[in-house]
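Biologist: I'm new to this one. Could you walk me through how to read it?

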Amino acid sequence: MTSNEPTLRTVHLNVNGVDVERTVEPRMSLADFLRHEIGLTGTHLGCEHGVCGACTVMLDGAPARSCILYAVQADGHRITTVEGLATSEDELHPVQQAFWEHGALQCGFCTSGMLISAVDLLKRNPDPTEQDVREALSGNLCRCTGYQPIVAAVLDAAKRLQAGKAAQTTRHEDLERTV
Ligand code: FES
Ligand code: FES
(Lines give C-alpha, C1' and ligand atoms only; values in the text may rest on other atoms or scores of the structure.)
(Ligands and ions follow the chains in the order given, each with its own letter.)
Protein backbone atom coordinates (compact mmCIF):
# COMPACT_ATOMS: atom_id res chain seq x y z
CA MET A 1 0.00 0.00 0.00
CA THR A 2 1.41 3.43 -0.92
CA SER A 3 1.02 6.59 1.10
CA ASN A 4 0.09 9.97 -0.41
CA GLU A 5 2.13 11.73 2.27
CA PRO A 6 5.19 13.44 0.70
CA THR A 7 8.54 12.13 1.89
CA LEU A 8 10.13 14.75 4.10
CA ARG A 9 13.71 15.88 3.44
CA THR A 10 16.20 17.42 5.83
CA VAL A 11 18.01 20.43 4.41
CA HIS A 12 21.04 22.29 5.75
CA LEU A 13 21.55 25.88 4.67
CA ASN A 14 23.75 28.70 5.78
CA VAL A 15 21.49 31.75 5.95
CA ASN A 16 23.10 35.11 6.63
CA GLY A 17 26.05 33.34 8.21
CA VAL A 18 23.98 31.06 10.43
CA ASP A 19 23.69 27.31 9.83
CA VAL A 20 20.10 26.13 9.82
CA GLU A 21 18.64 22.68 9.50
CA ARG A 22 14.97 21.89 8.93
CA THR A 23 12.98 18.90 7.76
CA VAL A 24 10.55 20.01 5.07
CA GLU A 25 8.39 18.81 2.22
CA PRO A 26 10.38 18.56 -1.02
CA ARG A 27 7.94 20.92 -2.73
CA MET A 28 8.51 23.77 -0.27
CA SER A 29 9.93 26.80 -2.07
CA LEU A 30 13.06 28.47 -0.78
CA ALA A 31 10.99 31.64 -0.24
CA ASP A 32 8.51 29.78 1.97
CA PHE A 33 11.39 28.13 3.79
CA LEU A 34 12.94 31.52 4.57
CA ARG A 35 9.66 33.14 5.56
CA HIS A 36 7.85 30.34 7.36
CA GLU A 37 10.52 27.94 8.59
CA ILE A 38 13.06 30.47 9.85
CA GLY A 39 10.97 33.63 10.13
CA LEU A 40 12.92 35.85 7.71
CA THR A 41 9.94 37.70 6.28
CA GLY A 42 12.00 40.42 4.59
CA THR A 43 11.97 38.28 1.46
CA HIS A 44 8.64 39.02 -0.22
CA LEU A 45 6.49 36.98 -2.56
CA GLY A 46 4.74 38.74 -5.41
CA CYS A 47 4.14 36.81 -8.62
CA GLU A 48 5.53 33.46 -7.40
CA HIS A 49 6.46 32.81 -11.04
CA GLY A 50 9.98 34.18 -11.24
CA VAL A 51 8.90 37.41 -12.91
CA CYS A 52 8.67 40.28 -10.41
CA GLY A 53 11.94 39.91 -8.50
CA ALA A 54 10.39 40.60 -5.07
CA CYS A 55 11.74 37.29 -3.73
CA THR A 56 15.35 37.83 -4.86
CA VAL A 57 18.03 36.53 -2.48
CA MET A 58 21.70 35.69 -2.95
CA LEU A 59 22.51 32.03 -3.48
CA ASP A 60 26.25 31.50 -3.05
CA GLY A 61 26.73 35.19 -3.77
CA ALA A 62 24.60 35.40 -6.92
CA PRO A 63 21.02 36.67 -7.13
CA ALA A 64 18.34 34.00 -7.34
CA ARG A 65 14.55 33.99 -7.32
CA SER A 66 13.59 32.13 -4.20
CA CYS A 67 9.99 31.55 -5.37
CA ILE A 68 11.06 29.21 -8.16
CA LEU A 69 13.68 27.32 -6.21
CA TYR A 70 12.85 24.51 -3.87
CA ALA A 71 14.45 24.62 -0.45
CA VAL A 72 15.91 21.19 -1.17
CA GLN A 73 17.74 22.64 -4.20
CA ALA A 74 19.48 25.09 -1.86
CA ASP A 75 20.60 22.28 0.44
CA GLY A 76 24.25 22.83 1.36
CA HIS A 77 24.33 26.35 -0.08
CA ARG A 78 24.83 29.83 1.29
CA ILE A 79 21.91 32.25 1.25
CA THR A 80 21.91 35.97 1.93
CA THR A 81 18.59 37.71 2.47
CA VAL A 82 17.88 41.39 3.02
CA GLU A 83 18.21 40.76 6.76
CA GLY A 84 21.83 39.80 6.15
CA LEU A 85 22.92 42.92 4.26
CA ALA A 86 23.65 45.19 7.20
CA THR A 87 26.99 44.59 8.85
CA SER A 88 25.69 45.36 12.34
CA GLU A 89 22.40 46.08 14.08
CA ASP A 90 23.28 49.77 14.23
CA GLU A 91 24.54 50.27 10.73
CA LEU A 92 22.68 49.79 7.48
CA HIS A 93 24.44 48.53 4.36
CA PRO A 94 25.44 51.61 2.28
CA VAL A 95 22.83 50.67 -0.34
CA GLN A 96 20.12 50.49 2.36
CA GLN A 97 21.30 53.82 3.75
CA ALA A 98 21.08 55.42 0.31
CA PHE A 99 17.55 54.02 -0.22
CA TRP A 100 16.57 55.49 3.14
CA GLU A 101 18.01 58.91 2.38
CA HIS A 102 16.59 59.08 -1.16
CA GLY A 103 13.14 57.88 -0.10
CA ALA A 104 13.59 55.09 -2.63
CA LEU A 105 10.51 53.18 -1.60
CA GLN A 106 6.81 53.68 -1.27
CA CYS A 107 4.98 50.58 -0.05
CA GLY A 108 8.33 48.77 0.26
CA PHE A 109 7.09 45.53 -1.24
CA CYS A 110 9.77 45.41 -3.94
CA THR A 111 12.51 46.88 -1.76
CA SER A 112 14.27 43.77 -0.47
CA GLY A 113 14.59 42.35 -3.98
CA MET A 114 15.76 45.73 -5.30
CA LEU A 115 18.39 45.94 -2.57
CA ILE A 116 19.75 42.48 -3.29
CA SER A 117 19.95 43.20 -7.04
CA ALA A 118 21.59 46.57 -6.38
CA VAL A 119 24.18 45.07 -4.03
CA ASP A 120 24.95 42.43 -6.65
CA LEU A 121 25.37 45.07 -9.35
CA LEU A 122 27.77 47.15 -7.25
CA LYS A 123 29.80 44.07 -6.46
CA ARG A 124 30.19 43.32 -10.18
CA ASN A 125 30.36 46.92 -11.36
CA PRO A 126 31.41 49.41 -8.66
CA ASP A 127 31.06 52.43 -10.95
CA PRO A 128 27.85 51.89 -12.93
CA THR A 129 26.19 54.33 -15.29
CA GLU A 130 22.50 55.16 -14.91
CA GLN A 131 21.84 52.81 -17.82
CA ASP A 132 23.76 50.02 -16.06
CA VAL A 133 21.61 50.50 -12.95
CA ARG A 134 18.38 50.50 -14.93
CA GLU A 135 19.41 47.32 -16.74
CA ALA A 136 20.49 45.59 -13.52
CA LEU A 137 17.17 46.41 -11.87
CA SER A 138 15.06 45.65 -14.92
CA GLY A 139 14.09 42.28 -13.46
CA ASN A 140 12.73 43.88 -10.29
CA LEU A 141 9.27 45.33 -10.72
CA CYS A 142 8.01 48.16 -8.55
CA ARG A 143 4.22 48.35 -8.52
CA CYS A 144 4.45 51.84 -7.04
CA THR A 145 6.64 52.76 -10.04
CA GLY A 146 9.08 54.78 -7.96
CA TYR A 147 12.05 53.90 -10.14
CA GLN A 148 13.67 57.34 -10.28
CA PRO A 149 14.70 57.58 -6.58
CA ILE A 150 15.73 53.92 -6.61
CA VAL A 151 18.15 54.54 -9.49
CA ALA A 152 19.42 57.71 -7.80
CA ALA A 153 19.96 55.79 -4.55
CA VAL A 154 21.99 53.06 -6.27
CA LEU A 155 24.18 55.63 -8.05
CA ASP A 156 24.70 57.43 -4.75
CA ALA A 157 25.52 54.16 -2.98
CA ALA A 158 28.13 53.43 -5.65
CA LYS A 159 29.80 56.78 -4.89
CA ARG A 160 29.72 56.09 -1.13
CA LEU A 161 31.20 52.64 -1.55
CA GLN A 162 33.92 54.02 -3.83
CA ALA A 163 34.67 56.79 -1.35
CA GLY A 164 34.79 54.27 1.50
CA LYS A 165 37.26 52.15 -0.43
CA ALA A 166 39.37 55.22 -1.26
CA ALA A 167 39.40 56.19 2.43
CA GLN A 168 40.42 52.67 3.38
CA THR A 169 43.18 52.67 0.75
CA THR A 170 44.42 56.04 1.95
CA ARG A 171 44.51 54.89 5.56
CA HIS A 172 46.31 51.71 4.50
CA GLU A 173 48.83 53.69 2.43
CA ASP A 174 49.39 56.15 5.29
CA LEU A 175 50.04 53.26 7.64
CA GLU A 176 52.48 51.71 5.21
CA ARG A 177 54.34 55.01 4.93
CA THR A 178 54.69 55.35 8.69
CA VAL A 179 55.94 51.79 9.29
S1 FES B 1 7.80 36.34 -6.26
FE2 FES B 1 9.57 35.45 -7.09
S3 FES B 1 9.90 36.51 -8.93
FE4 FES B 1 7.99 37.28 -8.20
S1 FES C 1 7.74 50.54 -3.43
FE2 FES C 1 5.80 49.59 -3.71
S3 FES C 1 6.23 47.98 -5.10
FE4 FES C 1 8.04 49.13 -5.08
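**Reading the fold**

Modeller: Happy to. Keep in mind that this is a predicted model. Of the 179 residues in the protein chain, 35% count as buried.

Biologist: What does the secondary structure of the protein chain come to?

Modeller: Five helices and five strands. Going from the N terminus, the order is β-β-α-β-β-β-α-α-α-α.

Biologist: And how do the strands line up in the sheet?

Modeller: The sheet is open, with mixed pairing, and its order is β2-β1-β5-β3-β4. β2 and β4 (62-65) sit at the edges with a single partner strand each, so one side of each has no neighbour in the sheet. On average, neighbouring strands here are turned by 40° against each other, ignoring direction.

Biologist: Which way do β3 and β5 run, and how many bridges join them?

Modeller: They're antiparallel, and two bridges join β3 (residues 56-59) to β5 (residues 78-80). Look for Met-58, which stands opposite Thr-80 in β5.

Biologist: How should I read a helix?

Modeller: Start with the general idea: an α-helix has 3.6 residues a turn, so residues three or four places apart point the same way. Now try α1 (residues 30-37), where Leu-30, Ala-31, Asp-32, Phe-33 and Leu-34 are buried.

Biologist: What do the buried residues of α1 pack against?

Modeller: They pack against β2 (18-24). Just after α1 comes Gly-39, with a positive phi of about 75°.

Biologist: Where does helix α3 lie?

Modeller: Helix α3 (residues 111-124) lies across β3 and β4, and runs at about 40° to β3.

Definitions and conventions: Residues numbered from 1 in each chain as written. Chains lettered and ligands numbered in written order. Predicted model: local features only at pLDDT ≥ 70, side-chain atom pairs only at ≥ 80, totals over all residues. Helix = DSSP H or I, 4+ residues; strand = E, 2+ residues; numbered from the N terminus. Buried ≥ 20, exposed ≤ 12 C-beta atoms within 10 Å, placed from the backbone. Contact = placed C-beta atoms within 7 Å. Pairing = 2+ DSSP bridges. Axes fitted to C-alpha atoms, helices over the stretch in contact; angles between N-to-C directions.
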